[in-house]
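Dear colleague,

Please find the structure below, handed over for your study. My notes on it follow.

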Amino acid sequence: MMEKPVIDRDKCQGCGLCVSVCACGALVIIDNIVTVVDVEECQWCTLCELVCPNGAISCPFEIVIENNQDSA
Amino acid sequence: MVVQVEFLKSVPHFSGLSESELAAIRKYVFEKKAERGELLLFEGEPAEVLYFVAAGAVKIFKTSADGKEQIFHIVRPGESFNDVPVFSGGTSLVSAEAMGAVVLNAIKKSDMAVVLQEYSQVARNVIRVLSQRVQELVMLVEDFSFRRVTSRVAKMLLEYAGDGVGERPRLTQQEMAAMIGTAREMVGRSLKSLEDGGTIRLERNRIIIADQKALREVAGIT
């Protein structure tokens, strides 16, 4: 399953700045709070996180070590 | 949509002014709209207009000779850009791009000079705005000159890397920045530079350490 940007509903003020910068249309404001609607399209550009003035949306990265050096 | 007195009131440059003063200043201010990706300022061009963001977000950046982009600041509603060269009479120091649909309020340099002459409160406000800008830039200079941010990002990645089994740590760029004491913009740039160097790969929401040995060298761990 594709991961979604994480939204903190308590911090979101519904300003819509994240929606305005989202190039793929994955974000909409519903009942004054941002919601991720179309995860397939989200490219994890993290611009929504960058512009949010309230720190209400986050795009965490998983950090993994590629494990092909031993098996080669 | 016409320029709103209510919006001007929220702009630091015009705070503390009466309704009638704001109404008088509004006559000098005009509206400009832009779409995603539209360039609003070009580095090196004469700075003739001071902009205030009324809606949307604007990216302030510089591009190096080899095409690398460094974001300096994201301008959000109520904030301004192009202040410094407008007041110094120089050319634009940075480029600016609309990150989505934006609405700007703008005032010509010559009109701003008239406003400053007429309303000393605006002059005091502008001093405060420019002083804050200097503080932000000094912090960025500190990052560039004294701290090897890429090296610290590399060290942090090695510390937080999971082995693919068990609990997988997840970090946002904001959290990475807070951990190593730098600006989020610097983390993005460092990750890009590590990816260009082939030590890591960015795959959507995963940072894959492709060359652990090389990354350890960048981090100064031997």
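In chain B, Gln173(B), Gln174(B), Met176(B) and Ala177(B) of helix α7(B) meet Arg184(B), Met186(B), Val187(B) and Gly188(B) of helix α8(B). By type, the residues of this contact are four nonpolar, three polar and one charged. Please keep in mind that the model is a predicted one.

Two packed helices are described by the angle between their axes and the distance between the axes. Here α7(B), residues 173-180, and α8(B), residues 184-196, pack at an angle of about 105°, and their axes are 8 Å apart. Because angles of 65 to 115 degrees count as roughly perpendicular, α7(B) is roughly perpendicular to α8(B).

With 13 residues at 1.5 Å a residue, α8(B) should span 18 Å, and its end C-alpha atoms are 19 Å apart, which agrees. Buried in this helix are Glu185(B), Met186(B), Val187(B), Ser190(B), Leu191(B) and Leu194(B). After α8(B) comes Gly198(B), with a positive phi near 85°.

Turning to the two chains together, 23 residues of chain A are in contact with 30 residues of chain B. On the side of chain A that touches chain B, α1 (17-21), α2 (47-51) and β5 (61-65) each supply at least two residues. The most come from β5(A), which gives five. That side of chain A comprises 14 nonpolar, five polar and four charged residues.

Strand β5(A) also pairs with strand β9(B), residues 170-171, in the antiparallel sense over two bridges. Within β9(B), Arg170(B) is the bridge partner of Glu62(A).

With kind regards

Technical notes
Residues are numbered from 1 along each chain as its sequence is written. Chains are lettered from A and ligands numbered from 1 in the order in which they are written. This is a predicted model: local features need pLDDT of at least 70, side-chain atom pairs count only at pLDDT 80 or more; totals for chains, interfaces and linings use all residues. Two residues are in contact if their C-beta atoms, placed from the backbone, lie within 7 Å. Helices (H or I, at least four residues) and strands (E, at least two) are DSSP runs, numbered from the N terminus. Ala, Val, Leu, Ile, Met, Phe, Trp, Tyr, Cys and Pro count as nonpolar, Asp, Glu, Lys and Arg as charged, and the others, Gly among them, as polar. Two strands pair if DSSP finds at least two bridges between them. The expected span of a helix is 1.5 Å times one less than its number of residues. A residue is buried if 20 or more other C-beta atoms lie within 10 Å of its own, exposed if 12 or fewer, and partly exposed in between; C-beta atoms are placed from the backbone. Axes are lines fitted to C-alpha atoms, for helices over the stretch in contact, and angles run from 0 to 180 degrees between N-to-C directions. Angles under 35 degrees count as roughly parallel, over 145 as roughly antiparallel, 65 to 115 as roughly perpendicular and the rest as oblique.
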